[in-house]
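Open the model and keep the sequence at hand. The walk below goes from backbone to side chains to surface.

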Amino acid sequence: MAGLNRIRPGDVHAVVVGLENYPRASEMSLPGAAGNAVRFARWLRDGGVPKENITLLLSALEESLPDITVEAEAADLAWRGAETIADIRDVFIHELTTRSGGILYVYWGGHGVLGRGRTGPSLFTPEACAVDLSCFRFEELRSYLTRDDLNGFTQQVMFVDACMAFEEGYRLQQGTVPIPFPEFSPREVDQFVLYAARDGQEAEHDDERRTGVFSHTVLEWLEQQAPDLRPDLPALELHVRSWFEDRYRTTKVQQTPTAYRYRALDGTQDFGTVFARVDQAALQEVAGTLSTELGRDEGLLLTYTGRVAKVCGLAPGTGEDPVQWFARALLHTPRTMATFIEALVADKEKKRALRFLRLALAHGAPGLLSVQEHADVESLLGRVPPLSPAMVNTLTRAATSAVGVQVTASGVLTPAQLMNHVERLEEFPGGRLPGTKRFKVPAVVAFIQYLALHTGLDGVSPALRWKLTQWADRVAERLLVADGELDRVRERAEQWDDALRASRPSGRIVVQVYPDGTEDTYVCAVWTDPGTGELSRYGHADNGVPVSSARAARLIDRAARSLTTDDGAVPVVEVVLRQEDLPAVPVPAWDGAPGDIPAVVLGVEQQIALRCAPMASTDKEERRRDLLRRRWAGRSLGRVVYLDESHAADDPRATRAYGALRADRDAARVVVCSGRRSGAALVRVALASGYPVVLWDSEDSHGLSPGDFTPLDPEGDLHDLPGRVQAYWARAQADGAGHPLRPVLLLEDPDRHLPPVLPLTRSSAPEEEASHR
């Protein structure tokens, strides 16, 4: 989340809380907290956010009300009182579920304390007092905002201006009383949180100016640097940290704003290179290491500072100790630490390079790549043929564990967009291999290797591939990557690319099927793709008109045979059905030649895979396709989630099935072993959870076992799975008793386009359907 990828003001929502009045504890008054909240809301309004998208909750002192009223009216803001726990809690629990948006801001100004057990800040409610310290645990609130019943809000930015001092230090009469949030099911959300202070510190308040020092610094930056609602979050964090570090040198007041990035579902915290954890302790550690390694030789120190300053464009320090100046540059200026380490490695100073590399990773020095490495890869990527966002995201998921890093642009990516994606991958340095002094392959290097070895990129010359590979060798050497690690990444990249190419047959038939409403009557629209990716309407009188299943089967069989090549390669027939029709329409069993010998049973004659037509809800469809793309990247892993009657019995919402499906983040395959009645619900849950490969039985009315599906080898090669299903159908015709399954296969490849117009799904406009893909 280096920069927010949605900036439409109407797509932004906010919950803004300012608590300066604690009616039951006048000694806790915090003058200015409500004014800071109004100022934050005014920044949003000035950027064009509709006032109905901003929930402004204030507990204001009597003396503040006149100013607040004037400021709110001037900014066309509505606010409401926050006098009870429910006034705030209900907004997060109930009101947010009625809204839809892309970005959610949360601002909180008030009193807080670091809870016992160091579980993050506890934020006091307006009802808090000495004998009842009711509070919200911010970590619980933050986590609660990842729940799956919110409509959108996949990017969330939070600012917390509250103390993080230890609870024990206040000698409180009573311990804090956390107010819980309901249990929930999580989803994927990218969150950025900037706290006013780190563990054990107080958040300073300027009584004279009636403002929190942190809030004033953040708001001033937002107003000056991001009036268009495009805050560069790393730049904001770096500015705030630098401001407080400069203040420390004159006041000796220690307050260290701390930034975190979270990625649900697993709640992973990331202190990556973007959100640099630079403070006085880090500065002194780097300065001390510089003194130890280079300080004894003033000429050597000046040599390296001169070389690095020239490359990074640093202005020489004036009147400051050169060690302190260089340490500050290494921790504050992007790519300076990486460029310094690059110079050490070039001079064969690997022991020194290792010491500074450890410091870089520990303190998040900004920019994993050096200035030269960054410039080189930018030049090389400018020569790569245009890539779709879907392909870049597929490569990223296959190459890295960089959860949440994806491209959301439309159309092919520009070189600048591709480079921006690479810069985001710098946030994942890889870490050290256990028991060694060497490191893993960083995400950015792994991505470039997958990109270089992906043979599906038409127009990439061997020379360009070689240069991308050579670039990775240089970076891996400079980052002290363990021997053999990069080779193993390249081996996996080759295997992945082979599997990707194998999963793309030369031709395909796309059939849109819509039950006509009368018994055994369907409308089928048939499209052909000879392998070019372009779909053409198949020319036949039965195409697109109501016909029986027998005539539909013959129509599909004719279209499929028209693309059968001389060497016998047959296309996969992709049958597009609405979600509710997927478990019900028995396409594989359609018999196209009643009374004739031999019968044309589609499941025997053709390799059939089902597809789901776009859902009516745009938000649900976007979410489903995002999940499909992420899980599709893990299709070669072969891991299968089995669902049986235990996941459906006495569970009308199939929550047990949903939990089992979401528990494995990388699995791409589901086998539904439940009987026909419960199986339909389980198939729909698997579809909604974004599983691109789902197998089930279309006829059995009782529960099955995983062993019943063993002949289909659901964990085996994905490219051959439609063929294995087809072969099983043939054996079932010959020996029904020995082959009890009537298997149905859903195989969703998010990169394989559906027809541009889907009239059978009763869509309102072709353009709307096109926007789904």
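The model is predicted.

Start with the backbone. Helix H16 covers 462-478 and helix H17 covers 485-502. Leu 480 sits in the loop between them. Its phi is positive, about 55 degrees, and the residue is not a glycine. Most residues other than glycine have a negative phi. Is Leu 480 buried or exposed? Leu 480 counts as buried because its relative accessibility is 3%, and the cut-off for buried is under 20%.

Asp 713 also has a positive phi, about 50 degrees, without being a glycine. The loop that holds Asp 713 runs between strand E23 (693-697) and helix H23 (721-734). Asp 713 has 38% relative accessibility, so it counts as partly exposed. That class lies between the buried limit of 20% and the exposed limit of 50%.

Now turn to contacts. Glu 127 belongs to the loop between strand E6 (121-124) and strand E7 (133-137). Its relative accessibility is 18%, so Glu 127 counts as buried. Which residues does Glu 127 touch, leaving out those up to four places away in sequence? They are Arg 24, Glu 83, Thr 84, Ile 85, Asp 132 and Ser 134.

Trp 325 counts as buried because its relative accessibility is 17%.

Finish on the surface. Lys 351, Arg 358, Arg 432 and Lys 437 gather there in a patch of positive charge. Lys 351 is in helix H11, which spans residues 350-363. Why does Lys 351 count as exposed? Its relative accessibility is 68%, and exposed means over 50%. A patch takes residues with over 30% relative accessible area and no salt bridge, and it joins like charges within 9 Å.

How values were computed:
Residues are numbered from 1 along each chain as its sequence is written. This is a predicted model: local features need pLDDT of at least 70, side-chain atom pairs count only at pLDDT 80 or more; totals for chains, interfaces and linings use all residues. Side-chain values use heavy atoms; hydrogens and water are left out. Patches are made of residues with over 30% relative accessible area and no salt bridge: like charges are joined within 9 Å, nonpolar side chains (Val, Leu, Ile, Met, Phe, Trp, Tyr) within 5 Å. Accessible areas come from the Shrake-Rupley method with a 1.4 Å probe; for residues, only the protein chains shown count as cover. A salt bridge is a side-chain nitrogen of Lys or Arg within 4 Å of a carboxyl oxygen of Asp or Glu. Lys and Arg count as positive and Asp and Glu as negative; His and the chain ends are not counted. The place of a charge is taken as NZ of Lys, CZ of Arg, CG of Asp or CD of Glu. Helices (H or I, at least four residues) and strands (E, at least two) are DSSP runs, numbered from the N terminus. Buried means under 20% relative accessible area, exposed over 50%, partly exposed in between (1.4 Å probe, protein chains only). Contact means heavy atoms within 4.5 Å.
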